[in-house]
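Here is a friendly note to read alongside the structure. Please keep the view open and turn to each spot as the points come up.

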Amino acid sequence: MTGKAAAIDRDLRARIEDGTYPVGGFLPSEHQLATSYGASRETVRRALQELTEDGWIQKITGRGSKVLERSHYVFPVTRLLGYKEFSLAEGLDLDNRVLAVEQTMLPVAAFAGLRDGGARLEPVPVTHVARLRVIDGEPVIIDHDYLVTALAPGITEQVAQDSLYDHLEGTLGLSLGYSVKEIRVVPADDEDCRLLGLDASDVVVTTTSITSLEDTADIQFTVSRHRADRFRFRDFARRRPEERRTR
C-alpha cells in the first residue's frame with residue numbers, strides 16, 4: 001500500500017494512539033473520512049483494510065469500524081498450562097471468581113467434535129466448575145470445566161478458587177498427559193455480554209478441549225470463552241522433512 005491510502009493509514013493509527021479515536025469507539029464513516037482526507041472511498045477502504053488486518057479496528061456490519069484494544073495476552077496453544085501457571089509466568093494479577101461448583105452430567109454434545117472419527121462420548125457424572133477469570137482487574141475469560149467425578153473427587157469451591165491442576169496433580173497424585181483443543185471465533189452470547197462487558201455485536205474466542213491422563217483416560221472437559229481483543233494464541237510449527245520438496 002502506497003500513496004494516499006498509506007498516508008491515511010498512518011494518520012488514523014496516530015489518531016488512535018493519541019486517543020482522538022478511543023478504544024471501543026468508532027471511526028468516522030467511509031464517506032466522512034473520504035471528505036476529510038480529500039480522497040476517494042476506495043482509497044479510504046484500502047487504508048481501513050490495512051488497519052483491520054493489523055488488528056487496529058474491527059469492521060461491524062451496519063455500525064462501522066470499531067477501534068480495538070491492541071494490548072493482548074499471549075497464550076500458548078500447544079502447552080497444557082493452567083491459568084494460574086500462565087498468570088504467574090507472565091507476572092499477571094489473576095483473580096478467580098467462582099460462579100458454580102455443582103454435580104451434573106457431561107454435556108457430550110459440546111465435545112463430540114473433538115473425537116476422531118466421531119467416537120462416542122458417554123454422559124458420565126462430572127463436577128461442573130464455572131469461573132470468571134479477572135486479569136489485572138479486568139474480566140477476560142469465562143471457564144466451564146467438567147471433571148469426571150470418579151477420577152477427580154473432592155473438588156470444592158476452595159479448590160476451584162485456587163487451582164484445579166494443583167488438586168489433580170498435588171492432592172490426588174494424578175499425571176496429566178495431553179489435551180486436544182479446538183479454537184473457534186463465535187458471536188458473544190448473553191453470558192459473555194453480562195460477565196465480560198461485551199456488546200451483542202462482539203465476538204469471543206472459544207477453546208474447547210479434552211484433557212487426558214497419562215493412561216489416556218479422559219478427566220477434564222473444558223470450554224473457555226476469551227475476550228477476542230485481549231488474547232493472542234501462539235503456536236510453533238515445524239515443517240517435516242517428508243513435506244519438503246525435493247529439488
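**Notes on the structure**

1. Helices (H or I, at least four residues) and strands (E, at least two) are DSSP runs, numbered from the N terminus. Please bear in mind that this is a predicted model, in which local features need pLDDT of at least 70 and side-chain atom pairs count only at pLDDT 80 or more, while totals for chains, interfaces and linings use all residues. Residues are numbered from 1 along each chain as its sequence is written, and side-chain values use heavy atoms, with hydrogens and water left out.

2. Now for the overall picture. The chain's secondary structure comes to seven helices and 10 strands. Of its 247 residues, 40% are buried; buried means under 20% relative accessible area, exposed over 50%, and partly exposed in between (1.4 Å probe, protein chains only). Among contacts with a separation of 6 or more, 61% are between residues 24 or more positions apart, where a contact means heavy atoms within 4.5 Å.

3. Back to H2 itself. Which residues of H2 are buried? They are Glu-30, Leu-33, Ala-34 and Tyr-37. Because these residues cover an arc of only 100° around the axis, they sit on the same side of H2; the arc is that of the directions from the helix axis to the C-beta atoms. The buried residues of H2 pack against H1, H3 and strand E1 (57–60). On the face turned away from that buried side are the exposed residues His-31, Thr-35 and Ser-36.

4. The cores come next. In soluble globular proteins, nonpolar side chains tend to be buried together. A nonpolar core is here a set of buried Ala, Val, Leu, Ile, Met, Phe, Trp, Tyr and Cys residues joined through side-chain atoms within 4.5 Å. The largest nonpolar core has 16 residues, and those with the most contacts inside it are Ile-8, Leu-12, Ile-16, Leu-27, Leu-48 and Ile-57. At least two residues of this core come from each of helix H1 (3–17), helix H2 (30–37) and helix H3 (41–53). H3 gives the largest share, four residues. Apart from this core lies another, of 13 residues, including Val-98, Ala-160, Leu-168 and Leu-176.

5. Two residues are worth a click in this region. Not counting residues up to four places away in sequence, Ile-8 touches Tyr-37, Ala-39, Thr-43, Val-44 and Ala-47. Ser-65 has its place in strand E2 and counts as buried, at 7% relative accessibility. With the same exclusion of residues up to four places away, Ser-65 touches Gly-25, Phe-26, Leu-27, Leu-48, Ile-57, Gln-58 and Lys-59.

6. E1, strand E2 (64–67) and strand E8 (203–213) each supply at least two residues of the lining, and the largest share, four residues, comes from E1. The lining divides into 11 nonpolar, seven polar and seven charged residues. In this count Ala, Val, Leu, Ile, Met, Phe, Trp, Tyr, Cys and Pro are nonpolar, Asp, Glu, Lys and Arg are charged, and the others, Gly among them, are polar.

7. Please visit Ile-142, found in strand E6 (residues 138–148). Is Ile-142 buried or exposed? Ile-142 is buried, with a relative accessible area of 0%. Ile-142 touches residues including Arg-131, Leu-132, Glu-191 and Val-223, not counting those up to four places away in sequence.

8. Most residues other than glycine have a negative phi. Thr-216 is exposed, with a relative accessible area of 51%.
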